[in-house]
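Open your viewer and get ready to select side chains. Each stop says what to pick and what is there.

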Amino acid sequence: MNNKLKLDEKTVFKCRQTALWIAEEVQSFIDIHSTIAVERTIVRFFGVDGVDEVDVPLPNVVVEAMEEHGLLEEGAVRFFARALKGEKEKRPDLSIISNSEISEEKLTSLVIDIARSIGEGTFDFDLPEVTNKEVDEFVGPYVNLALRKINMNRIKRDDFINDFGETEGAYIYVIVATGNIYEDVTQAVAAARQGADVIAVIRTTGQSLLDYVPYGPTTEGFGGTYATQENFKIMRKALDEVGEEIGHYIRLCNYCSGLCMPEIAVMGAYERLDMMLNDALYGILFRDINMKRTLVDQFFSRIINAYAGVIINTGEDNYLTTADAYEEAHTVLASQFINEQFAFKAGLPEELMGLGHAFEIDPATKDSFVYELAQAQMAKEIFPKAPLKYMPPTKHMTGDIFMGNVQDALFNMVTTLTGQKIHLLGMMTEAIHTPFLADRAVAIENARYIQNAMASLRDEIEFKKDGKMVERADKILHEAYELLDKIHEKGLFVALSEGTFAGVKRPVDGGKGLDGVFEKSAKYINPFMDQMLIQLSHNQTIGKEV
């Protein structure tokens, strides 16, 4: 690593090794459990979408019926294999086994018909048993179709970037949050023309606590817009159109967090999102979602994101909005190490890990800029390949727009001086209202000016070997290791229950969604996950050889 801060590389290694041990202990729990969200995701992989006559999403209809009939522990894959075998037994002319000529439309209609008959109460749950070989025969075409769709989106993204070129330096990342997807499009297109590289559609308040994904386009939301597949499609189309117009690929970001992490991940993969807010711990700490539920869900969601080439954004920056940014900086680093190891478990390469941190030290603190610079430089040196997600000042914004613009300028300077990649623009009207188009334009102008004015300064700077920045980074690193060692000793579940991060305590068996966690039966199988992991492992091996 580019060690300007003279970081102790042995301590960095010990942090990674300890974080790996922490993740491996939790992974042993993850591997034998699934959740209703995971199973709904598999239902979506089969191509089931839409709602029943009372607007309940069909993936929920299917999984709830599986649970009611004692079939949940076997998983949605085996359920559909048995259902498809049953359909073939009733209709011998039905060609659904290992038929390469069957159309996508036919494949999808078969499973949607099953889902609709469940919703209508006409489905016969007296299903034939299937061998694992029969599961492969019945389900294989669906696995191939789903993964082919995701691969085609990766190819299309790569084609856009090859045609237009990649963004040099940081991605300028701006938010839209009107609550109305069509209004969001208007603001997003304006931001793209003003110079934005990434558009993040903020999700409506409270959606993370819904145990279903709304269907169709939406025009009402509070503090944001509902994350639905149709909304993803609408925004993707608009950004592609403006991107063609200006000759620049505009990345799209949304949230696959909360009680529907993997479901939203597959919807994003199908609609070519480029970034997803996806943290292993955020939902536990800030939404009181049960830790067992979250940790199982994040694994499958990250596999999907990795396979789709989606950059995940983690949420360590949120720790500093509830805890003191100066005193608790080591908890951010410890969490980054843990998030990194969970991401590796899911096949995510470093290049897709947008590990989070933030510019949140109280501006009244003497040398606050020096400490912020040290923390950001430290993160970049420890995670050099990761496209770090750097958050602007929010906690200490007062409504004074002139002071706010200065704080954002200092934040922009740290981003440029330390080579952060995902640069969430600060807004001078933070703490006053949802940004206007003009506010966003000013923020983009501020960031672009500093990027250009300081373009080469990072390469010209070195830090005093016994100076404040080196001393600060060393202190944070060693405190992070001590914290990781304590977490390893207790186990992550216990550590979270004791308020290790952000001062938030969550009981192991408390929070929302625990009733949706179950232990897999011996018959459980998930070839969607297996095939993605095989391909991701192969890609990483090839990358290492190269």
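Predicted model: local features only at pLDDT ≥ 70, side-chain atom pairs only at ≥ 80, totals over all residues.

Select arginine 472 and tyrosine 326. The charged end of arginine 472 sits over the ring of tyrosine 326, 3.9 Å from the ring centre.

Next stop: ring against ring. How many aromatic pairs does the structure hold? There are 20. Select phenylalanine 160 and tyrosine 249 to see one that is stacked. A pair of aromatic rings is described by the distance of the centres and the angle of the planes. Here the values are 5.4 Å centre to centre and 20° between the planes.

Now trace where each partner comes from. Phenylalanine 160 belongs to helix H6 (residues 132-164). Tyrosine 249 is in the loop between helix H8 (229-246) and strand S4 (251-255). The two are 89 residues apart, so the pair links distant parts of the chain. Buried or exposed, these two residues? Both are buried.

Select Phe45, Phe46, Phe79, Phe80, Phe123, Phe125, Tyr142, Tyr270, Phe300 and Phe528. Together they form one aromatic cluster.

Last stop: the largest nonpolar core, with 177 residues. Phe45, Leu281, Leu295, Phe501 and Phe528 touch the most other members. Colour helix H11 (residues 291-308): it gives the most to this core, ten residues. Finally, pick leucine 281. Beyond its neighbours within four places in sequence, it contacts Leu295, Tyr319, Ser335, Leu492, Leu496 and Phe501.

Key
Residues numbered from 1 in each chain as written. Heavy atoms only, no water. Core = buried A, V, L, I, M, F, W, Y, C linked by side-chain atoms within 4.5 Å. Buried < 20%, exposed > 50% of the residue type's maximum accessible area, 1.4 Å probe, protein only. Helix = DSSP H or I, 4+ residues; strand = E, 2+ residues; numbered from the N terminus. Contact = heavy atoms within 4.5 Å. Phe/Tyr/Trp six-rings, centres within 6.5 Å; stacked < 30°, edge-to-face > 60°. Lys NZ or Arg CZ within 6 Å of the ring centre and 35° of its normal.
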